[in-house]
Amino acid sequence: MTQWLATLPNLQPYGDPMYFGYLLLALLPIVVGLYFGRRFALYETAVSFIFILLMFTGPHWPQFYALVAYIIWETLLVLAYHHYRQQADNRWIFYGAVGLSILPLVFVKVTPAIDNGHASLLGFLGISYLTFKAVGMIMESRDGAIKELSLWPVVRFLLFMPTLSSGPIDRYRRFEEDYQNLPSRAAYMAMLQKAVWYIMLGFFYKFILAYFFGTILLKPLEGQALAIGGVFNLPTLGVMYAYGFDLFFDFAGYSLFAIAISYLMGVKTPENFNKPFISRNLKEFWNRWHMSLSFWFRDYVFMRFVFVLMKHKVFKNRNVTSSVAYIVDMGLMGFWHGITWYYIVYGFFHGFGLVINDWWLRKKKRTNLARKKAGQAPLPSNWFTIGFSIFLTFNITMFSFLIFSGFLDRLWFH
Amino acid sequence: MMDVKREVIAIIEDLFMEDISDMMDEDLFDAGVLDSMAVVELVLALESKFSIKIPVSEMGRDDWNTGNKIVAGVEELRNA
């Protein structure tokens, strides 16, 4: 049974230019259909199935079975909870459902940490991103925001091929509305135009810029930095910038591809990056960097956590409440990346960074209010202060990526 | 019958020291009046003032982002 999977060629999503040749060819009938206002559901399912299968063929074949088991588990869970929620709303059932839906991911993340780096058999490419979608459906079912849920739409949403491996993370209601309501011909033409532009920009990002920063610059710099050793040295600073740009262009490039292919299929998958390096502070940065992830954490972790804290008046002071929520929110995001010290430190680094950022913004607001009352001009805001804020934010985020890269782990401990 | 609009404006002024009466169709996130933290405070205040339950999923930035949309949302939930 598994023999045939292992012998098939493997096609990693957006891995090389050839992939686009195959994919665009397979999508052509879908594009023609949408142009004439039709969705060929059966053909679309077949194409999605084949391309998903090819992600997990060859040496990755066990992951295919992990994916199938995972989809069955999450689909049953989401549907069962939604069905239950129509009758009753017990808080503990809700927590239980959320717990069970993240359980596979917890196994996958914890296994390498306690088993000498061996990957869990439950894991597969994309599990982290699917978990966000499943948890989101459970939470919105509890709120009564998702009124109807049935088998096929849930599977279709979870297994949406363009974003399966690494997002952007979509929301069920938004996705389903796009799926059910086909764009007008004019709207679809605009979507096609955007898709073409995104694919070209994505090629430039991923296959030229990310290659330049990640391979040509980064590799020699890493070698030099490791040869010198110590806590920090000049080539390590180079590693920091080269890795940071590599990370951005690689992931932003991937996201452009995933969005473009979604658009070709008539689905407006949300954006993931919006010029993150022009942010003036860390709060703004998180509205521009990996947006579908940070917005997910904002809506499903931060706001709900703040809601519970405030409703039960856990802290008297609102600033304490928001600080605790920032640290929990970002700390959890760190753990989500994986259970290694550098991912976790990365998460808390941003959590504390947001607390400091928030404190500074409040202080500035208070100062300006006092100056206004005293008839003074507000604190200066000019090209220098703005330029300095951007420079500072840029370097803080680049440093956080150096932590995230795990390079310091090699430099310090190996 | 409570004047929902006047009450909403009063709550926002009370919580965030911002008078939105002449910008009821402006995006309150873009205007810097609301952020994630403020939305939760606003929801709790609205819930206790109007004895309604606002689902957390409805707090989205597309549905409750202007003064008029908040008023409409509260009225809808009061009549539900």
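Leaving out neighbours up to four places away in sequence, A:G58 makes contact (heavy atoms within 4.5 Å) with A:L5, A:A6 and A:L8. This is a predicted model, where local features need pLDDT of at least 70, side-chain atom pairs count only at pLDDT 80 or more, and totals for chains, interfaces and linings use all residues. Residues are numbered from 1 along each chain as written, chains are lettered from A and ligands numbered from 1 in the order written, and side-chain values use heavy atoms, with hydrogens and water left out.

A:G58 sits in the loop between α3 (41-55) and α4 (61-87) of chain A; helices here are DSSP runs of H or I with at least four residues, strands are E runs of at least two, and both are numbered from the N terminus. With a relative accessibility of 5%, A:G58 counts as buried, a label that means under 20% relative accessible area, against over 50% for exposed and partly exposed in between (1.4 Å probe, protein chains only). From A:G58 to A:I102 it is 44 residues in sequence and 28 Å in space, C-alpha to C-alpha.

Now for the chain as a whole. Chain A has 16 helices and 0 strands, and its C-alpha trace spans about 70 × 60 × 50 Å along the principal axes. Of the 414 residues in chain A, 51% are buried. Among contacts between residues at least 6 apart in sequence, 74% join residues at least 24 apart.

Next comes A:V306, in helix α12 (residues 291-311) of chain A. A:V306 is buried, at 0% relative accessible area. Apart from neighbours within four places in sequence, A:V306 is in contact with A:T321 and A:A325 in chain A, and with B:M37 and B:V40 in chain B.

B:S36 belongs to helix α2 (residues 36-50) of chain B and is buried, with a relative accessible area of 12%. Beyond residues up to four places away in sequence, B:S36 touches A:R298, A:F302, A:M303 and B:R61.
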